[in-house]
Amino acid sequence: MGELNFKAVNVKSLAKNFGKVKQGGGGSGGGVAALGGLSFEVDRGEIFGVIGPDGAGKTTLFRILTTLLLPDSGEARVMGFDTVKDYREIRKIAGYMPGRFSLYQDLTVEENLKIFATLFNTTIEENYHLIRDIYEHLEPFKKRRAGALSGGMKQKLALSCALIHKPEVLFLDEPTTGIDPVSRKELWEMLRRLKKQGITIIVSTPYMDEASLCDRIALMQDGKFLRCDTPSAIIASFGKNLFSVKGDKMGAMLEGLRRVEGVSSCFAFGNSHHITAEKDNGTKSSLTVTSLKAHLESAGFTDVEVTEAEPTVEDCFMELLSK
Amino acid sequence: MKVIEVENLTKRFGIFTAVDNISFSVERGEIFGFLGANGAGKTTAMKMLCGLLRPSAGKGSVAGFDINRDSDKIKAAIGYMSQKFALYEDLKVWENIRLYAGIYGVPEREAARRTDALLEELGLSHEKESLVKSLPLGWRQKLAFSVSIFHRPGIVFLDEPTGGVDPVTRRQFWEMIYKASESGITVFVTTHYMDEAEYCNRVSIMVDGRIAALDSPALLKKEYGAESMDDVFRRLARKSVNGGL
């Protein structure tokens with residue numbers, strides 16, 4: 001056991017290598033560790049988001065924290081317990097929902113839930129209040145085999161199973177991947193309610209727009225955290241000027257904008273393009289709304305709209321990737 | 001010329017109607033976004049269009065072939081890429097390309113020539129002999145897309161091609177889609193990223209097996225008085241009665 005003021009998660013120089021090139025490294029054979037020496041903490045009661053693309057190392061990190069995988073070096077503690085020495089303790093207090101559906105497909109909804117409750121020496125009734133919101137949607141189908149549920153329903157069942165032993169820390173590995181925007185929103189509302197019950201939530205996602213729903217986030221790529229902070233602090237440290245541009249020929253405009261002097265990057269962002277420009281002397285860039293608009297109009301684009309834009313976490317992630 | 005044209009397409013599984021009497025068409029060179037909540041019937045509809053599933057009712061054609069009678073011809077005439085499976089990881093880059101070229105009947109010499117040109121264009125010439133599993137995921141997805149249109153199909157079906165991909169690669173991927181569409185290839189794409197719906201010429205949104213809306217992103221936003229496609233999607237999906245079951 002650690003000191004009294006332990007964090008929900010405390011990770012020091014955590015490293016894991018699978019011995020062969022997994023990815024990253026520009027494809028030139030440069031090996032990248034699955035986890036390259038991570039250090040971070042998660043406070044109790046926080047929603048902590050690990051945000052990054054496939055292959056960033058999110059699942060490796062989750063599997064070490066849930067005691068399912070041994071690290072090569074470094075240490076990790078969950079509620080003060082060491083993931084290697086005290087793994088039995090962690091298994092009692094942690095809930096884990098893996099990215100891949102891992103329930104018993106041939107058992108019914110209710111049987112799956114009952115197994116999890118029994119394994120943890122509890123009953124569905126005892127902790128029903130924790131899962132009521134989620135399980136209510138499933139109750140009409142409790143006699144259906146888990147394998148016959150739709151994607152969204154499977155997620156709800158998996159979340160119910162991860163919660164039924166009243167965990168102190170909940171690990172959710174990509175709970176919203178492949179889920180439509182409406183169901184994603186529903187799931188996040190459930191997480192907010194669980195947070196109110198005092199459960200610490202560590203959640204991973206490849207969707208950048210979910211960052212703002214977390215208290216703090218880590219932007220992860222190639223086994224490393226590019227940044228770890230509150231979403232607003234990450235946005236505040238963006239460091240470049242950002243413009244949003246619309247016009248009549250969006251495809252051609254993308255190419256056109258990349259040729260404008262002073263433009264450091266230009267990417268499509270839904271119905272507009274986002275352009276970044278270096279700040280001169282750390283204040284304003286030589287590019288302005290007016291000069292960009294003039295550039296585009298002289299290049300023959302019409303209906304040009306240029307505005308200064310607030311960066312999103314996705315802008316920040318892309319900026320960090322380019323470094 | 002229409003590359004897809006279906007009328008009253010329906011698929012029933014027992015008493016459940018997964019696709020309920022849909023009719024629409026897609027023009028040559030169009031980027032057509034096919035959206036819908038989980039369980040709305042997208043996958044079932046797509047399988048019928050690709051010749052993998054027989055419709056219960058309705059008629060139509062894809063790439064000029066009848067979906068009820070010529071499903072094998074459709075399979076040969078289209079390209080297909082899914083997020084879940086795209087390339088054989090234990091084969092080399094060139095072996096993957098050659099395998100697909102062989103399956104789709106591209107003559108060997110022509111395939112060799114196109115392989116070199118393709119790798120050059122992707123900046124992957126030096127990786128020709130590498131195993132696919134040694135490539136970064138983003139590169140694999142770009143390669144998978146190129147392979148799916150290697151036989152120059154009239155239309156390519158992309159099933160969540162950018163799921164889990166980093167935000168820079170996701171955008172580079174869309175620039176490849178634009179290029180393909182400019183070269184005349186019709187692109188039929190599903191995605192859960194609503195910003196990507198904005199990159200489509202037209203978008204259809206399925207709710208409970210039916211097409212609830214179909215138009216350009218600009219007109220859809222106007223019609224629903226919405227700021228973004230995300231808004232449009234939420235408004236429509238909320239009307240679902242079966243909640244994706």
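What percentage of the 323 residues of chain A count as buried? I looked this up first: 51% do. Buried means under 20% relative accessible area, exposed over 50%, and partly exposed in between, with a 1.4 Å probe and protein chains only.

**Ground rules.** I am working on a predicted model, where local features need pLDDT of at least 70 and side-chain atom pairs count only at pLDDT 80 or more, while totals for chains, interfaces and linings use all residues. Residues are numbered from 1 along each chain as its sequence is written, chains are lettered from A and ligands numbered from 1 in the order in which they are written, and side-chain values use heavy atoms, without hydrogens and water.

**Confidence.** I checked pLDDT, the predictor's confidence in each residue from 0 to 100. Chain A averages 89, and 93% of the residues score at least 70. Residues 21-30 of chain A fall below 50, yet this stretch has 29 contacts in the model beyond near neighbours in sequence. Contact means heavy atoms within 4.5 Å.

**Overall build of chain A.** I found 10 helices and 14 strands. These are DSSP runs numbered from the N terminus: helices are H or I with at least four residues, strands are E with at least two. The C-alpha trace spans about 70 × 45 × 40 Å along its principal axes. Among contacts with a separation of 6 or more, 71% join residues 24 or more positions apart. The chain exposes about 14,500 Å², of which carbon and sulfur atoms supply 49%. That area comes from the Shrake-Rupley method with a 1.4 Å probe; for residues, only the protein chains shown count as cover.

**Charges.** I noted 41 positive and 42 negative side chains in chain A, with the centres of the two sets 4 Å apart. Lys and Arg count as positive, Asp and Glu as negative; His and the chain ends are not counted. Each charge is placed at NZ of Lys, CZ of Arg, CG of Asp or CD of Glu.

**Salt bridges.** Side chains of opposite charge can pair when their charged atoms come close. I used this rule: a side-chain nitrogen of Lys or Arg within 4 Å of a carboxyl oxygen of Asp or Glu. The count over all chains is 41.

I opened Arg216(A) and Glu46(A), whose side chains meet at 2.6 Å, N to O. The two sit 170 residues apart: Arg216(A) is in strand S9 (residues 216-221), and Glu46(A) is in the loop between S2 (35-42) and S3 (47-51). Glu46(A) is buried at 8% relative accessible area.

Next I took Arg258(A) and Glu255(A), with their closest N and O atoms 3.8 Å apart. Why are they separated by about one helical turn? Because they are 3 residues apart in helix H8 (residues 250-258) of chain A. Both are partly exposed, Arg258(A) at 32% and Glu255(A) at 41%.

In chain B I picked Arg98(B) and Glu108(B), bridged at 3.3 Å. This pair links helix H3 (residues 93-103) to helix H4 (residues 108-122). Arg98(B) is partly exposed at 45%, and Glu108(B) is exposed at 58%.

I also found a network of salt bridges that links Glu314(A) with Arg170(B), Arg171(B), Asp195(B) and Glu196(B).

**Helix H8 of chain A.** Which residues of H8(A) are buried? I listed Met253(A), Leu254(A), Gly256(A) and Leu257(A). Their cover includes S11 (241-246), S12, S13 and H9 (289-298) of chain A, together with H6 (167-182) of chain B.

**Two residues that touch chain B.** Asn271(A) lies in the loop between S12 (265-269) and S13 (272-277). Asn271(A) is partly exposed at 29%. Beyond four places in sequence, Asn271(A) contacts Lys246(A), Met250(A), Glu198(B), Lys221(B) and Glu227(B).

Arg184(A) is in helix H6 (residues 181-196) of chain A. Is Arg184(A) buried or exposed? I read 7%, so Arg184(A) counts as buried. Its contacts beyond four places in sequence include Asp209(A), Glu210(A) and His192(B).

**Backbone check.** Most residues other than glycine have a negative phi. I found Asp303(A) at a positive phi of about 55 degrees. Asp303(A) is in the loop between H9 and S14 (305-308) of chain A and is exposed at 61%. Glu160(B) has a positive phi of about 45 degrees, in the loop between S7 (155-159) and H6 of chain B.
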